[in-house]
Amino acid sequence: MHSTRYIFITGGVTSSLGKGIISASLAKLLQLRGYNVTIQKLDPYLNVDPGTLNPYEHGECYVTNDGAETDLDLGHYERFLNRPTSQENNVTTGRIYQNVINKERRGDYLGKTVQVIPHVTDEIKRNIKLLGTKHKYDIVITEIGGTVGDIESLPYIEAVRQLRWEMPGKTAVVHLTLVPYLSATGELKTKPTQHSVKMLLENGVQPDVLVLRTEKPLNNEIRRKVALFCNVEIDAVIESRDVSTIYEVPLLMYEEKLDEIVMKKLSLPYSREPDLSQWREFVNRLKNPSKVINIALVGKYVELADAYKSIIESLIHAGAVHNIKANVKLIHSEQLTAENIGQKLDGVKGIIVAPGFGHRGIEGKILAAKYARENNIPFFGICLGMQVAVIEFARNVLGLKDAHSTEMNRNTPYPVIDLMEHQKEITDKGGTMRLGAYNCELVKDTKVYKIYNSSSISERHRHRYEFNNQYIGQFEKAGMIVAGVNPEMNLVEIIELKNHKWYIGVQFHPEYKSTVENPHPLFVDFLKAALDN
Ligand code: GLN
């Protein structure tokens, strides 16, 4: 294909309508039709990246291979498309302004007054086109965060308007809105959609396609009304019904012909029908599990399940492999005590201790690691979860009283988890952790060696603290062995218990690499162990 096409996904009426899933679903369909597609998310907040955000704000921070801390929607893009994303796939207003101000300080603007229009909008346009020009994608889908009408979104919408003007026929705008159902009158209401399209039009953008999120099916009359009042073709009014799993959305969008209408708008040659058989098979397995098992996910952000998005999705992928459903019980680590742990974890077949930062809830996580170790319950410690397993083992097996991570207790007599020397000089919090993909050599005759069926792997990281190598000898003698090491820096990446069914802690985040097509082997094997338990 000669020139990149750009699809913009905007949202109206309310947030949380699932723009990310619609973007990923459309991308999947186009990918299955043979196009080289990527998805980008533009976030209208002033943080340079979501790395410094509390998970309660926007959910999990997703990390790419190149170490970018990004919006969790990028996780959906990778899980659907089975292709890695990078820093270029997530841009925030903070980063746009930072770039513009850096250019101003360098003198790049040659004495001009630097303004939102054209300088900020030009920087937005540059970031949108970068993916298309640098990486030669056939199609770039850009999801605009926020809701049309927000002050923060205005420069983005203006950039979209300009790009449409600059590249006639090469762009399409898909606008996602809500059609609420009023139970009192038993009606679906289109007025909020009309208003939100008006708002787009006021900003000079006519959407090509409307995706209407709805609880009830839309009849023809409603479709016609929306088409007429919003100035789109009737075929371009797409119904997006609530479904039980996000993985059903591509199938639904295919039935609604979202991909076809978009291809028509972009004059993309009609190549082949997407082969959805594998995807259907996966959804089938998801929806009809032969068994349900309880898995505890012990963390401190449990009020918001989005905080652990990738872990939960990885369990869904792995469950489909065994044709089971992992029923994830989110357990608040702050509420775990030695007295209630047996009751709280009753009936649980496997325990995951989640990643996290800071002191709050740490003792409950340590208790969970102890409980799993002593009761021979499959245990999977991820990042902080691995560190917790190490602390627990030090305290209760090695007898190192008050052993801790220096993150939680700077003056611990036994800093079994500690900062690397070069980390000690860093004071800025943004973007300064060990981030992104690192190599790991697996030790022969360990569980993980068998699970990965390989001696060297690469996994993504997001942490500051590390296993303190001074203690390796003591740990190994007592039965907690080092099963994976980063060869460049000689850092412990994986620990496992010798005399245990399945007790593995990983310093990295395997959950970032699990996709529908490639469920992560650690999650797959963990569920198998839980199933056998
Ligand atoms: N707080 C720990 C560290 O910085 C673990 C981080 C995490 O779990 N992602 O090392």
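Modeller: Take the loop between α10 (258-265) and α11 (277-287), where S267 sits. Keep in mind that this is a predicted model.

Colleague: What is the phi of S267 near?

Modeller: Near 45 degrees. That is a positive value, and S267 is not a glycine.

Colleague: Is S267 buried or exposed?

Modeller: Exposed, because its relative accessible area is 54% and the cut-off for exposed is over 50%.

Colleague: Which other residue has a positive phi although it is not a glycine?

Modeller: D402 does, at about 65 degrees. D402 is in a loop as well, between α15 and β16 (404-405).

Colleague: How does D402 count for accessibility?

Modeller: Partly exposed. Its relative accessibility is 42%, so D402 falls between the 20% and 50% cut-offs.

Colleague: Now peptide bonds. Which residues does a cis bond join?

Modeller: I117 and P118. Omega there is about 15 degrees.

Colleague: And where does P118 lie?

Modeller: In helix α5, which covers residues 116-135. For context, most peptide bonds are trans.

Colleague: How many residues line the largest pocket, and which lie nearest its centre?

Modeller: There are 30 in the lining. Nearest the centre are S16, K41, L72, D73 and D306.

Colleague: Which elements each supply at least two residues of that lining?

Modeller: Helices α1 (19-32), α2 (55-58) and α3 (73-81) do, and so does strand β2 (37-43).

Colleague: How do the lining residues of the largest pocket divide by class?

Modeller: Twelve would be the polar count, written 12 polar, next to 10 charged and eight nonpolar.

Colleague: What volume does the second largest pocket have?

Modeller: About 620 Å³. Its lining has 28 residues. Y301, G356, F357, M433 and R462 are the ones nearest the centre.

Colleague: Which elements give two or more residues to the lining of the second largest pocket?

Modeller: Helix α15 (384-396) and strand β19 (456-463).

Colleague: What is the lining of the second largest pocket by class?

Modeller: It has 14 nonpolar residues, eight polar and six charged.

Colleague: Great, that covers my list.

Terms used
Residues numbered from 1 in each chain as written. Predicted model: local features only at pLDDT ≥ 70, side-chain atom pairs only at ≥ 80, totals over all residues. Heavy atoms only, no water. 1 Å grid on protein atoms, 1.4 Å probe; cavity = no way out; pocket = protein on both sides within 12 Å on 5 of 7 lines; lining within 4 Å. Helix = DSSP H or I, 4+ residues; strand = E, 2+ residues; numbered from the N terminus. Nonpolar A, V, L, I, M, F, W, Y, C, P; charged D, E, K, R; others polar. Points joined across faces, edges and corners; volume = space filled by probe spheres on them. Buried < 20%, exposed > 50% of the residue type's maximum accessible area, 1.4 Å probe, protein only.
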